[in-house]
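Hi,

Here is the structure I promised to pass on. Please have a look at it first, and then read my notes below.

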Amino acid sequence: QEMASEKAEKVGDDVPPNPLAILVVYIVLGAILSFAFGREPDGRLPDKIILELGPTIIVICGFITSYSLYDVMAVGCAKAEVHYMQKAYKDLPAKLPEKAYLAQRVQTNQVEQLPGFIVGSLSCALLVNGTAATVLALLWAIVRRLYATTYRNAIGKPLKDMGLFRFTLPAYFISNAMLMSAVVQVVRILART
C-alpha cells in the first residue's frame, strides 16, 4: 500500500494542472494586458498600422528565420552525421539516434508553437498595443531559442531532467496572454457598441 501511494505521488507530480485553471490564468493575464496597455476600446484600428505591427512583424520574421537556420538545419545535420541521406527509406532504422531524434523533436515542437505565437503577436499588436506585443513576442522568441538549444543538447538525459519547463511554461504564458489580450480587447469593444 505504501508503494502504491508513492507511485501515485510520482504520477501526480507529472500530471499538468487542470486546463480550466490554466485558461483562467491566461484570461486574467490577457485582461491585464488589455486594460493596462490596450488602446481605447472604441472599435477603431490604430492610425498608423505599420508602426503598430511593424516591430512585431520584425520579431516574428526574425524568429522564423532563426527557426529555419537553427532548428530545421539541425535536423538535416544530425541525420547527415549518421548517414541517413545515403539510405533508402526501407533501410532506415525504426528508431532515430538520440541526437537526430532530439533535433527533430525541437523542430516539430517549434512548428507546434508557431500558430499561437504568430496569431497572438499580430492580434495583440493590432488590437491591443504594438509595443507590448513586440516586447512579449521578443521575450517569447528568446525563450524558445533557449528551449531549442537546451533540448538539442540534452543527449543522455531523461525528459524530466532536461530543464525544459523553465522555457516552455513562460512561452505558453506569453503567447496565450497575447491571444487572450486580443479576445478581452474585442469583448470590450463589442460591449461598448
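Please keep in mind that this is a predicted model. Let me start with serine 121: a polar atom of its side chain sits 2.7 Å from the backbone oxygen of phenylalanine 117. Serine 121 belongs to helix H4, which covers residues 98-127. Its relative accessibility is 0%, so serine 121 counts as buried, the cut-off for buried being under 20%. If you leave out neighbours within four places in sequence, the residues in contact with serine 121 are Thr56, Ile60, Gly116, Ala133, Ala137 and Met178.

Next, a pair of helices. H3 (residues 49-81) and H5 (residues 130-152) have axes that come within 8 Å and cross at roughly 10 degrees. Angles under 35 degrees count as roughly parallel, and H3 and H5 are therefore roughly parallel to each other. On the H3 side, the residues that meet H5 include Thr56, Val59, Phe63 and Tyr67. On the H5 side, Ala133, Ala137, Trp140 and Arg144 are among those that meet H3. The residues of this contact divide into twelve nonpolar, four polar and five charged.

Finally, valine 24, which you will find in helix H2 (residues 19-37). With a relative accessibility of 46%, valine 24 counts as partly exposed. Between valine 24 and serine 175 there are 14 Å in space, C-alpha to C-alpha, while the two are 151 residues apart in sequence.

Happy to go through any of this with you.

Best wishes

Methods
Residues numbered from 1 in each chain as written. Predicted model: local features only at pLDDT ≥ 70, side-chain atom pairs only at ≥ 80, totals over all residues. Heavy atoms only, no water. Axes fitted to C-alpha atoms, helices over the stretch in contact; angles between N-to-C directions. Helix = DSSP H or I, 4+ residues; strand = E, 2+ residues; numbered from the N terminus. Parallel < 35°, antiparallel > 145°, perpendicular 65-115°, else oblique. Contact = heavy atoms within 4.5 Å. Nonpolar A, V, L, I, M, F, W, Y, C, P; charged D, E, K, R; others polar. Buried < 20%, exposed > 50% of the residue type's maximum accessible area, 1.4 Å probe, protein only. Polar contact = N/O pair within 3.5 Å; in protein donor to acceptor, adjacent residues only side chain to side chain.
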